[in-house]
Amino acid sequence: MDNRRDKICGSLIGGAIGDALGYQIEFKQGVKEKEITTFQGGIGIISDDTQMTLFTANALLFRKTRIAMRGIAMLPVDAIYHSYLDWLDTQNHTNHHSSISWIKELKELNIPRAPGNTCISALSSGTKGTIEQPINHSKGCGGIMRVAPIGLFMNDSKIAGQFGAEASAITHGHPLGIIPAYVFSTLIWYLSRTDLTIKEALDKSMKQYEENFDIFDEEYKHYFIELVNQAIKLSEEHKNDIEAIRELGEGWVAEETFAIAIYSCLKYSNSFKDAIICSINHDGDSDSTGAVTGNIMGAYLGYEQIPVEYKNHVELKEEILELANDLASELPVGEYNEHNDEYWLSKYVYCKRDLSLK
Ligand SMILES: [Mg+2]
């Protein structure tokens, strides 16, 4: 597997593993250090974090294919919005007209897995939230936990950051719901495209944010930078992880989710397993802190470095890898291509996967 493909597969599977491990204790209190280290029951059941991440990936591939075939397509954030409406259908068992996602038919995605109220209500409103016209005042982590594919897919780090921010603003209008998504998708871009360490990639991402996305009131910027610096500092100390994480928050809001993930990834940067176990074992939003940590560690270490005990037993493994491989591929189709890949077209033009064409 080439390096970038390995990192893209690692990031998507890594996020699903962190989500599934954390989902087991999302609402549990009194969690002890290293209490959860395995998939209980043998299979890692993913939650809404991974579901929505996969819809983000599907939207990017749909849009890119549309451009290749027709020369024109909706904006990336509009494709992502339509894909999230597909996700809403899977949760409500409804069917809106302009469905764009082949993954909508997967039965594992048609089961509610503690979906976030903010995502459901914002998408049910019939209005797409934007940075300029906030849909609400929420900074819940539902906006950040689903944008990793944007960092994996875009060609430019600034575009990755911008679209990550726009994608989170679809459902979350507070500046602190949006800024962490900007930095997170930029960080994923750097880790999947370069050989930088996590700390180096984080520094570059924070710098890019300050230079290119300083659009909100100063108070939010200062608060966010301070929290990230605190996470860095804590990762260099020898504190008990649960106590350190408690100082950063519980991860229900986006900036805390990001800070807990940064703490876990910097403290255990050489071990996917140790970073994930650190990121989920606390009394907060364990599946989202696990998902974001898994996206980061997977993009940094790559798929090959993820323990088999996790990657071979996570729900939807084959489909997650299929989307990851599609994200990593040159398009096998196009307006002037005489040998268009029919299987690809079934997924990203007709939005109905036809396995007989595979
Ligand atoms: Mg969840």
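With 13 C-beta neighbours inside 10 Å, lysine 34 counts as partly exposed; a residue is buried if 20 or more other C-beta atoms (placed from the backbone) lie within 10 Å of its own, exposed if 12 or fewer, and partly exposed in between. The structure is a predicted model, in which local features need pLDDT of at least 70, side-chain atom pairs count only at pLDDT 80 or more, and totals for chains, interfaces and linings use all residues. Residues are numbered from 1 along each chain as its sequence is written.

**Exercise 1.** Locate lysine 34 and state its phi.

*Solution.* Step 1: lysine 34 is found in the loop between H1 and helix H2 (48-70); helices (H or I, at least four residues) are DSSP runs, numbered from the N terminus. Step 2: its phi is positive, about 55°, although lysine 34 is not a glycine.

**Exercise 2.** Classify the packing of H1 against H12.

*Solution.* Step 1: the two helices pack at an angle of about 40°, with axes 10 Å apart; axes are lines fitted to C-alpha atoms over the stretch in contact, and angles run from 0 to 180 degrees between N-to-C directions. Step 2: H1 is therefore oblique to H12, since angles under 35 degrees count as roughly parallel, over 145 as roughly antiparallel, 65 to 115 as roughly perpendicular and the rest as oblique. Step 3: Gly14, Ile17, Gly18, Leu21 and Gly22 of H1 meet Phe272, Ile276, Ser279 and Ile280 of H12; residues are in contact if their C-beta atoms lie within 7 Å. Step 4: by class, this contact has 5 nonpolar, 4 polar and no charged residues. Ala, Val, Leu, Ile, Met, Phe, Trp, Tyr, Cys and Pro count as nonpolar, Asp, Glu, Lys and Arg as charged, and the others, Gly among them, as polar.

**Exercise 3.** Classify the packing of H1 against H13.

*Solution.* Step 1: the angle is about 155°, and the axes of H1 and H13 are 6 Å apart. Step 2: H1 is therefore roughly antiparallel to H13. Step 3: their contact has 9 nonpolar, 13 polar and 3 charged residues.

Notes:
Contact = placed C-beta atoms within 7 Å.
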